[in-house]
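Biologist: Can you walk me through this model?

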Amino acid sequence: MSGGKLLKTLGGTRFPTPPIWLMRQAGRYLPEYRAVRATTKSFLDFCYTPEKAVEVTLQPIKRFGFDAAIIFSDILVVPDALGQKVWFEEGEGPKLEAITDPAQFGQLSRGRLTEFLQPVYRAIKATRAALPAETALLGFAGAPFTLACYMIEGGGSRDFAKVKLWAFKHPDSFGLLIDLLVDAVIDHLTNQIEAGADAVQLFDSWAGVLPEEQLFSWSLEPLVRIAHGVKARHPKVPIIAFPRAVGPAALMYRRTDAFSAISLDTGLGAHWAAKEMQPHICVQGNLDPLMLVAGGAAMEREAIRILNKLGHGSFIFNLGHGVVPQTPPEHVAQLVEIVRNWKPSAS
Ligand code: CP3
């Protein structure tokens, strides 16, 4: 059995200190990442070069000894595989040829996804073979709503007006896009599991822009359908859901029929999560990524506070969102030390 402490924690075992990994742990804050990244101009070509994806996936494991590696890829490989034009502009982030009309859905085809994303699956297979047995390998995908945000807005957005107005005014056609993405994400996660991923995480990074009822229809319900679809073939593989910035609506994600853990953003208090979430489901999170930039006593105080609140229950230490590029790598090493040396108080 590979995957050690993280998989066991997801299965309900408690350890004296929680497992730790960080969202975006492979990335531009590491000089060794920047060196490999510099050898390929296009970010997607970089993602689709298995040797490079394997190398950068392993970098943070070698440096920090995290309990999990997350395969180096991107959520936008799914729209790319479906046939939408996706590219990354230096300093600007992702760009997509925006979908403006349901008539364009016909151009998206799920049939070629598995073939198209073979480089990702090859990278997973090689990474699993290279990782220590006790390090879990995580696969991942973007949630349908978050993918729809990029596909309809044509990139990032300040107000998400296009995607929200489409969902609010034309729920039937929006639902067709979400249905297509549910099926595509089931395929992508299943393929990652079959290539060697030990667990998977669903990133619903923009769920928080939806009002509560819409959140149910366009975030929770599609995520549960994905989880059930994946579980139909791989019932034992844990699924972590990250519904970012949904506030107390995180309560409705306590669906143990679907998820093994919920990843919490920084907006949710550790005290609240210990009372309201943890008795029902394992939680992951939720140090502010800028605490990791600040480092020193501020970071230590906050990490210990989170550990004291959540470390007694079912818990995976992580950030509330991804590591940012200006993070000093030494602070990451210090954080791992703090978590591994934490002594549970008697409370
Ligand atoms: O280490 C890991 O976490 C694994 C790799 C990973 C990346 N993106 C690599 C990446 C993962 C899990 C993602 C997920 C992802 N991608 C999300 C969900 C998580 C979140 O941040 O909310 C989203 C929304 C995306 C889409 C995306 N990809 C954006 C908005 C950007 C640009 C932002 C930026 O920081 O510039 C990317 C590019 C990207 N994906 C980079 C990395 C390391 C930086 C680009 C580069 O190295 O050239």
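Modeller: Helices (H or I, at least four residues) and strands (E, at least two) are DSSP runs, numbered from the N terminus. This is a predicted model, where local features need pLDDT of at least 70, side-chain atom pairs need 80 or more, and totals for chains, interfaces and linings use all residues. Residues are numbered from 1 along each chain as its sequence is written, and side-chain values use heavy atoms, without hydrogens or water.

Biologist: Where does Asn286 sit, then?

Modeller: Asn286 is in strand β8, residues 282–287.

Biologist: How far is Arg28 from a ligand oxygen?

Modeller: A polar side-chain atom of Arg28 is 2.4 Å from one. For an N or O atom in the Tyr33 side chain the distance to a ligand oxygen is 2.5 Å, and for His321 it's 2.7 Å. The cut-off for such N or O pairs is 3.5 Å.

Biologist: How much of the ligand does the protein bury?

Modeller: 86% of the 880 Å² that the ligand exposes when taken alone (Shrake-Rupley, 1.4 Å probe).

Biologist: Where does the ligand sit?

Modeller: In the largest pocket, meaning more than half of its atoms lie within 2 Å of the pocket's grid points. On a 1 Å grid over protein atoms alone, a pocket is an open set with protein on both sides within 12 Å along at least five of seven lines, while a cavity is where a 1.4 Å probe fits but cannot get out; lining residues have an atom within 4 Å of a point.

Biologist: How much space is in the largest pocket?

Modeller: About 1300 Å³, counted as space filled by probe spheres set on the points, joined across faces, edges and corners. Of its 42 lining residues, Arg24, Arg28, Phe43, Asp74 and Phe88 are closest to the centre.

Terms used: Polar contact = N/O pair within 3.5 Å; in protein donor to acceptor, adjacent residues only side chain to side chain.
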